[in-house]
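User: I'd like to learn how to read pockets and metal sites in a model. Could you walk me through an example?

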Amino acid sequence: MKEIFICITAMFFIEYVGAQEVPQIDWVGLQKTKPWSATEKWRPIPGKVVPGIYSSAPSDAIILFDGSDLSEWRKPRYDYGARMDQVEAIIKLKSQDLDNDQRTDPKWEVKDGTMIVTPGGGAIETAKAFGSIQLHIEFLCPVDPGKEDQAYSNSGVFLMGLYEIQVLNSYENQTYPNGQAGAFYKQHIPLVNASRPPGEWQSYDIIFNAPKFENGEVVRPASATVLHNGVLIQNNVLLEGPCIFIGKPYYVEHPEKMPLLLQDHGDKVRFRNIWIREL
Ligand code: MG
């Protein structure tokens, strides 16, 4: 009975619409009541920024590296964890260190407007801590035909020092896809391989939403969107926890803001033009 009723109603509706012209709007008559204004949203007004030319920094960005010095960077006392037990310990220690900054000067080299990993010099991290961000960073994987797999120009952009976008030469260099350039290391394979050959400059544009915690539990996991050389490679992916080398990740409560870290993986990867916007 009910189905028959719906069917008849639908038929009537189709016939009615089919029989009529598109309804006309009396624009002159509506000038008195202006019903369109009910759906206009006037607040908040987005702040005005002057966009950069190509990938140069927009007016409201924090410049992390403009080619001159490492004044925005420190050498962390604790780098990053390879396993969750390490991550847990590092989060604990880093949380304390953010208050009484015992970090030291970074060991990386600044040359020709770029900063270069000093193999064995350790990671570097930003002096300032960040939560949700938009980040632009350019990198160059040096040419080294003797290297392959994970050993060919490996570094990494660790958001909050915990969530790694892999930096690697992935131009005709095979490795496990969830560890290639643009992967959220061991969590998300990039949608495409947009890598340029080693020796050429490349870019990541990253939009990252920091995780939210309540009473020690994650209530909103971290999420991110990434463009590699202007190509979408990570589309609003959810992270399972920190990116680690061994084992399965899980969330551990950490401060709302933590420094951005760049990895020393033993290769002389170069970086330049690094800027960030807090979200
Ligand atoms: Mg790496």
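Analyst: Happy to! Keep in mind that this is a predicted model. Let's begin with the second largest pocket, which has a volume of about 180 Å³. Its lining comprises 15 residues, and those closest to the centre are Glu164, Tyr185, Phe245, Gln263 and His265.

User: How many residues of each class are in the lining of the second largest pocket?

Analyst: Eight are nonpolar, six are polar and one is charged.

User: And how do I read the largest pocket?

Analyst: The general idea is that rolling a probe the size of a water molecule over the atoms shows where empty space is left. Here, the largest pocket has a volume of about 290 Å³. Its lining is made up of 17 residues, with Ser132, Ala210, Pro211, Lys212 and Glu256 nearest the centre. Two elements each give two or more residues to this lining, β10 (212–214) and β11 (217–220). β10 gives the most, three residues. By class, the lining of the largest pocket has seven nonpolar, three polar and seven charged residues.

User: Which protein donors does the magnesium ion have?

Analyst: For background, ideal angles at a metal are 90 or 180 degrees for six octahedral donors, and 109.5 degrees for four tetrahedral ones. In this model the magnesium ion has protein donors from Asn154 (OD1), Ser155 (O), Glu164 (OE), Gln166 (OE1) and Gln263 (OE1), at 2.2 to 2.4 Å. Along the sequence, the donor residues follow the spacing N-S-x8-E-x1-Q-x96-Q.

User: Are serine 155 and glutamate 164 buried or exposed?

Analyst: Both serine 155 and glutamate 164 are buried, and Glu164 is also among the residues closest to the centre of the second largest pocket.

Technical notes. Residues numbered from 1 in each chain as written. Predicted model: local features only at pLDDT ≥ 70, side-chain atom pairs only at ≥ 80, totals over all residues. Heavy atoms only, no water. Donors = N, O, S within 2.8 Å, 3.2 Å for Na, K, Ca; no water. Buried < 20%, exposed > 50% of the residue type's maximum accessible area, 1.4 Å probe, protein only. 1 Å grid on protein atoms, 1.4 Å probe; cavity = no way out; pocket = protein on both sides within 12 Å on 5 of 7 lines; lining within 4 Å. Points joined across faces, edges and corners; volume = space filled by probe spheres on them. Helix = DSSP H or I, 4+ residues; strand = E, 2+ residues; numbered from the N terminus. Nonpolar A, V, L, I, M, F, W, Y, C, P; charged D, E, K, R; others polar.
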